[in-house]
Amino acid sequence: MTPDRMRTSRLTAALSLAVALTVSGCGAKGGGDPDTASWDQYIQVMDDALARGDFYAADLARETASLMALGSRRWEAMAAVGDAYVRFADHPGASPTLRPEARRIYRSALSRAGQQGSIEGVLRVSEALAALGDREAAREGLATAATLSAANRAPYDVARAEALTERLDDRANHDDEGAADIGAPAAAAVMWTR
């Protein structure tokens with residue numbers, strides 16, 4: 001592709017993104033949580049752009065969602081952006097750097113969830129990290145969830161944590177197998193008794 005054609009393609013993508021953002025109302029003032037509205041809508045724009053094969057617009061929306069989530073200081077925002085990076089990475093022709101970036105974003109979400117005292121957030125992000133094959137961070141998350149539960153005497157989803165621990169242990173015992181089976185969550189909230 002020639003430099004002029006590449007520039008035209010990027011300009012077209014930027015204009016497409018601007019139109020999509022205007023139509024979707026991203027950044028619009030008004031009702032609802034402004035943090036949620038911003039990053040969540042940019043993720044939707046990214047998904048829509050991916051669905052129509054517009055990788056330039058999807059990439060711009062993905063980057064914007066990431067910046068908005070970073071500014072929100074919420075674990076939920078970072079986890080949602082991590083999920084978006086993984087979805088983008090699953091598309092043919094996507095950059096191979098997206099999965100390591102998703103891992104970095106999930107680690108940030110894990111830290112935020114721990115700081116915010118969210119056991120649910122810590123478990124959710126630990127499962128996402130495990131699905132990416134980051135056993136070390138997933139185990140750190142399990143330890144954080146247990147610590148938060150003990151410190152706050154809060155309900156803790158023991159079955160979910162044990163299921164994740166089993167998946168991590170199984171994965172450690174079978175390193176030559178794929179990591180795709182690690183990520184499915186379990187259910188049933190109970191009190192932490194350990």
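Predicted model: local features only at pLDDT ≥ 70, side-chain atom pairs only at ≥ 80, totals over all residues.
Biologist: Fine. So what does the charged end of R62 do with the ring of F88?

Modeller: The charged end of R62 sits over the F88 ring, at 5.7 Å from the ring centre. R62 also has its charged end over the ring of Y85, where the distance to the centre is 4.7 Å.

Biologist: And F88, is that one buried or exposed?

Modeller: F88 has 4% relative accessibility, which is under 20%, so F88 counts as buried.

Biologist: How many aromatic pairs are there?

Modeller: The count comes to one aromatic pair. It is formed by F55 and F88, whose ring centres are 5.8 Å apart and whose planes stand at 65°, and because that angle is over 60 degrees the pair is edge-to-face.

Biologist: Where do F55 and F88 lie in the chain?

Modeller: F55 belongs to helix α3, residues 55–72, and F88 to helix α4, residues 75–89, so that the pair links distant parts of the chain, 33 residues apart. F55 has a relative accessibility of 29% and counts as partly exposed.

Biologist: Switching to packing: how do the axes of α3 and α5 cross?

Modeller: The axes of α3 and helix α5, which spans residues 98–115, come within 12 Å of each other and cross at roughly 15°. That angle is under 35 degrees, and therefore α3 and α5 are roughly parallel to each other. The crossing in which α3 passes α5 is left-handed.

Biologist: Which residues in α3 and α5 meet?

Modeller: On the α3 side they are R62, S66, A69, L70 and S72, and these meet L98, I105 and R112 in α5.

Biologist: What about phi of R73?

Modeller: Phi of R73 is near 65°, which is a positive value in a residue other than glycine. R73 is placed in the loop between α3 and α4, and with 66% relative accessibility R73 counts as exposed.

Biologist: Last one: where is the place of E162?

Modeller: E162 is found in helix α8, which covers residues 158–173, and E162 is partly exposed, having a relative accessible area of 32%. Between E162 and L142 there are 9.2 Å in space, taken C-alpha to C-alpha, while in sequence the two are 20 residues apart.

Technical notes: Residues numbered from 1 in each chain as written. Heavy atoms only, no water. Phe/Tyr/Trp six-rings, centres within 6.5 Å; stacked < 30°, edge-to-face > 60°. Helix = DSSP H or I, 4+ residues; strand = E, 2+ residues; numbered from the N terminus. Buried < 20%, exposed > 50% of the residue type's maximum accessible area, 1.4 Å probe, protein only. Lys NZ or Arg CZ within 6 Å of the ring centre and 35° of its normal. Axes fitted to C-alpha atoms, helices over the stretch in contact; angles between N-to-C directions. Parallel < 35°, antiparallel > 145°, perpendicular 65-115°, else oblique. Left-handed = near helix turned anticlockwise from the far one by under 90°. Contact = heavy atoms within 4.5 Å.
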